[in-house]
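Subject: A structure for you to explore

Hi there,

Here is the structure I promised you. Have a look at it first, and then read on for what turned up.

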Amino acid sequence: MGAPLPAEGAEQTVTPVVLGGARGGPSVPTLRKDRYWVQPVVTAAVLASFVVYASWAAFVNKNYFVGASANRDLISPFYSPCLATSCVPGSHIGPSISWWTLSPALLILIFPLGFRMTCYYYRKAYYRAFWLAPPACAVSDAHGSYSGETRFPLIFQNVHRYFFYFGLIFNVILTYDAFASFRWLGDGTGISVGTVVLFVNATLLWLYSLSCHACRHLCGGGVKQFSKAPVRYRLWKALTPLNGKHMLFAWMSLCFVAFTDLYIRLVASGAIHDYGIHF
Ligand code: FES
């Protein structure tokens, strides 16, 4: 049922709507009585913890590879591919860069980091959690104006699709690392907890990438008639359910990639043993 019409002759109030105009600011109250702030607080805590841990792991430049001395071939996803000449022996594949003297992780982390930072889901999450823009639905923006992602620096968020392509290359490399971990260097083949950890990590990263909005658009976007593009239609149909779970895969893969680094770090430092079965 709609609102009753004003009586004939009664004074009418007109509320002007200004698109892209003032958004309120911190002094505008909300009618929400629930604990809407819990989600942004948890998001900020988890993301900040990840950034602190990943930065430390990237700069520390040790204990990222478990090699022949422990009869294993396990490399941390933060350091793979290890491209610098200074990489621990056995940890790098392909050509090496001799002039790089800092941690080899710093050579590559821009790609997975850029992929996550520009992700459509994470954008929503950190805009809400860190910039309170807005912190939740029906809660006013903490800022007085809004320019969206139309200006520097946020306009660079549009590079997401390119980071997606780089992300696929990293997924292939990390999947290779998972298969390589069946090699027990100097001791044939086997399967260990580290192998399982690397496979779960690679699987979650694939699920995160394949559920990406840019991936779904790449497969099914811009098609006027699906009947004329059956392969793209099938791809789009297969990816759409994954896309619906993108947020879940984003958090699972984020937490697990940190756990994978931590596990390999603990094994490499001798703090724990990587139990397994020798074939
Ligand atoms: S939208 Fe999240 S990875 Fe592309």
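Predicted model: local features only at pLDDT ≥ 70, side-chain atom pairs only at ≥ 80, totals over all residues.

Leu132 is partly exposed, with 18 other C-beta atoms within 10 Å.

You can find another cis bond from Ser80 to Pro81, where omega is near 0°. Pro81 belongs to the loop between β2 (74-75) and α2 (105-108).

Asn61 also deserves a look: phi is positive there, about 55°, although Asn61 is not a glycine. You will find Asn61 in the loop between α1 (38-60) and β1 (65-66). With 17 other C-beta atoms within 10 Å, Asn61 is partly exposed.

Now for the whole chain. The protein has nine helices and four strands. Starting at the N terminus, their order is α-β-β-α-α-α-α-β-α-α-α-α-β. Is the protein more spread out than a compact globule, or less? The globule rule gives 19 Å for 279 residues, but the radius of gyration is 24 Å, well over that value, so the protein is more spread out than a compact globule. Along its principal axes, the C-alpha trace spans about 95 × 50 × 40 Å. Of the 279 residues, 28% count as buried. Looking at contacts between residues at least 6 apart in sequence, 71% join residues at least 24 apart.

The crossing of α6 past α9 is left-handed. On the α6 side, the residues in contact include Val197, Leu198, Leu204 and Tyr208; on the α9 side, they include Phe249, Met252, Phe256 and Ile264. What classes of residue make up the contact of α6 with α9? There are 15 nonpolar residues, four polar ones and no charged ones.

Enjoy exploring, and send me any questions you have!

Best wishes

How values were computed. Residues numbered from 1 in each chain as written. Left-handed = near helix turned anticlockwise from the far one by under 90°. Helix = DSSP H or I, 4+ residues; strand = E, 2+ residues; numbered from the N terminus. Contact = placed C-beta atoms within 7 Å. Nonpolar A, V, L, I, M, F, W, Y, C, P; charged D, E, K, R; others polar. Rg over C-alpha atoms; globule rule 2.2 N^0.38 Å. Buried ≥ 20, exposed ≤ 12 C-beta atoms within 10 Å, placed from the backbone.
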